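Please look through the sequence and the structure shown here before reading on.

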Amino acid sequence: MAEMGSKGVTAGKIASNVQKKLTRAQEKVLQKLGKADETKDEQFEQCVQNFNKQLTEGTRLQKDLRTYLASVKAMHEASKKLNECLQEVYEPDWPGRDEASKIAENNDLLWMDYHQKLVDQALLTMDTYLGQFPDIKSRIAKRGRKLVDYDSARHHYESLQTAKKKDEAKIAKAEEELIKAQKVFEEMNVDLQEELPSLWNSRVGFYVNTFQSIAGLEENFHKEMSKLNQNLNDVLISLEKQHGSNTFTVKAQPRKKAKLFSRLRRKKNSDNAPAKGNKSPSPPPDGSPAATPEIRVNHEPEPAGAATPGAALPKSPSQSSLPAVVVETFSATVNGTVESGSGAGRLDLPPGFMFKVQAQHDYTATDTDELQLKAGDVVLVIPFQNPEEQDEGWLMGVKETDWNQHKELEKCRGVFPENFTERVQ
C-alpha cells in the first residue's frame, strides 16, 4: 500500500509539472502576441547581461590559461631534451661536465616548480571562480520560470474578477495561488538582485590577483633561469679556453667557377696583348675591364642648352655594350651624384656602389683577385663587370681604406666571401 501511495504521489507530481509547463507556454504565447502584459525589470536584465559577459570572459581566460600551461609543459620537455643532448655530446674528459649535469638537473626542477605553481596559484583559483556560475545560471533560469508563473496567476485572477458572472470561490482560490506565486518569485528575485551585482564587481579583484600571480611567477622563473644560463655559459667558456685550438672556424664557399673565369680572362687578355713597339693596340675584348666605356662627368653646372667641349655625354644603356649589371646601375651616376638604392649621394664612393659591409672574421686571400680581410675592415660593395663570374656566396668590392687612398678600382677591387661580413649600410 505504501508503494502504491508513493507511486500515486509521483504520478501526481509529474502531472502537476506537465500542467505548469503548459500554463507557462500559453502565457509566453499570449505575451508574445501582446494579449497579456509581461512583468519587466530592466535593472535585473542588465545584471543578467553582465553575468553572461562575465561568464564568457572567465571561460575564455580559463581556456587561454590552460593553453599557456600546455605551452609551459611543452617548453619544459623541449628544454629537457636539449639538455639531454648536451649531456650526450659532453665528453667525460672535458672540464665542467659535472657542473653542466647539475645545471641540467636544476633546469628540469625549475620548469616543474614553475608549472606546479601556475596550477596552484592561477588555474585552481580560476576553476573555483568559474565554479559558482553554473548554480547562479540555473537560478536565473528558474527565476524566469517563476516570473511566468506569477504573471499567469495574476492574469487568471484578473480575468475572474472582471468576468460578468463572478464565482467567489474561484476568485478566492486564484488569489491564494497569486500570492503564493508572487512570494516564490520575489524570494528568488531578491537573492539574485543582491548576488549578481556583487559577483560582477568581484571580477576586478579576481583579474588583478590572477594576472599578478602569473606575472610574479614568470618573473621569478626567468630570474632563476637566467642564473642557470649564466652558469652554463661560464662552464662553456671554460671549455672553450682549454680547447681553444679546436674552435669552430668560418669557411668561405668554393670559387671553382669564378677562378676558372679569372684564369680564362687573364689568358684572353694575354693573347690579345699588343707586340712590343706596336703603338696601335688591338681593341680589348668585350666584357674585359678595358672594354667598359669611360663615363666622364662635368661637376660644374652649365647653362641650359650649353655644350661643354671635351666632356662627352655618356651613351644610354641601350646604345652601349655594358654588361647587364652595369647597365642597371647606369642611372645611378648622373650629374656628379650617386643615386643608388643605399641612399648614398657622395662622389667619394666608387661607381655603381651598392652598400657597405664590415668583416666579422679574418680572411686570407687564396687567389690574386681576392681581397685580404681583417675583422673590422669596411668594404664598399660594387657589381661584377661580368655577372657570369659571380659565384654564390661571393661579392665584389673594394676596401674603404684602399679606395680613399687610391681611388682606383682596377688596383683595389676584388672578391670576398659574403659570410665573413655583415652589412652595415
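**From one contact to the whole**

Leaving aside residues up to four places away in sequence, aspartate 402 touches Lys407 and Cys412, where contact means heavy atoms within 4.5 Å. The model is predicted, and local features need pLDDT of at least 70, side-chain atom pairs count only at pLDDT 80 or more, and totals for chains, interfaces and linings use all residues. Residues are numbered from 1 along each chain as its sequence is written, and side-chain values use heavy atoms, with hydrogens and water left out.

Aspartate 402 has its place in helix H8; helices (H or I, at least four residues) and strands (E, at least two) are DSSP runs, numbered from the N terminus. How is aspartate 402 classed, buried or partly exposed? Aspartate 402 is partly exposed because its relative accessible area is 22%, given that buried means under 20% relative accessible area, exposed over 50%, and partly exposed in between (1.4 Å probe, protein chains only). Arginine 413 lies 11 residues from aspartate 402 along the chain, and the C-alpha atoms of the two are separated by 8.9 Å.

Lysine 407, one of the residues touched by aspartate 402, is found in the loop between helix H8 (400-406) and helix H9 (409-412). With a relative accessible area of 39%, lysine 407 is partly exposed. Most residues other than glycine have a negative phi, whereas phi of lysine 407 is near 55 degrees, a positive value.

The sheet comes next. Five strands form an open sheet in the order S6-S5-S4-S3-S7, and the pairing is antiparallel; two strands pair if DSSP finds at least two bridges between them. Strand S6 (414-417) and strand S7 (421-423) each have a single partner strand and stand at the edges, so one side of each is left without a neighbour in the sheet. From one strand to the next, the twist averages 50 degrees.

Within this sheet, strand S4 (residues 378-382) and strand S5 (residues 394-399) pair in the antiparallel sense over four bridges, and valine 381 has glycine 397 in S5 as its bridge partner. S5 is also joined to S6 by four bridges, and S5 and S6 run antiparallel; here tryptophan 394 stands opposite proline 417 in S6. In a regular strand the side chains alternate between the two faces of the sheet. In S6, Gly414 and Phe416 point one way while Val415 and Pro417 point the other way, and all are buried.

Two packed helices are described by the angle between their axes and the distance between the axes. Helix H2 (residues 42-89) packs against helix H4 (residues 133-161) at an angle of about 150 degrees, with their axes 12 Å apart; the axes are lines fitted to C-alpha atoms, for helices over the stretch in contact, and angles run from 0 to 180 degrees between N-to-C directions. That angle makes H2 roughly antiparallel to H4, because angles under 35 degrees count as roughly parallel, over 145 as roughly antiparallel, 65 to 115 as roughly perpendicular and the rest as oblique.

On the H2 side, Phe44, Val48, Phe51, Gln54 and Leu55 meet Phe133, Ile136, Lys137, Ile140 and Arg143 in H4. The residues of this contact of H2 with H4 divide into seven nonpolar, one polar and two charged, where Ala, Val, Leu, Ile, Met, Phe, Trp, Tyr, Cys and Pro count as nonpolar, Asp, Glu, Lys and Arg as charged, and the others, Gly among them, as polar. H2 also packs with helix H3 (residues 97-131), at an angle of about 170 degrees and with their axes 10 Å apart, and H2 and H3 are therefore roughly antiparallel to each other. The residues of the contact of H2 with H3 divide into 19 nonpolar, 11 polar and six charged.

Valine 148 is found in helix H4 and is buried, with a relative accessible area of 10%. Alanine 181, in helix H5 (residues 168-242), is buried with a relative accessible area of 14%.
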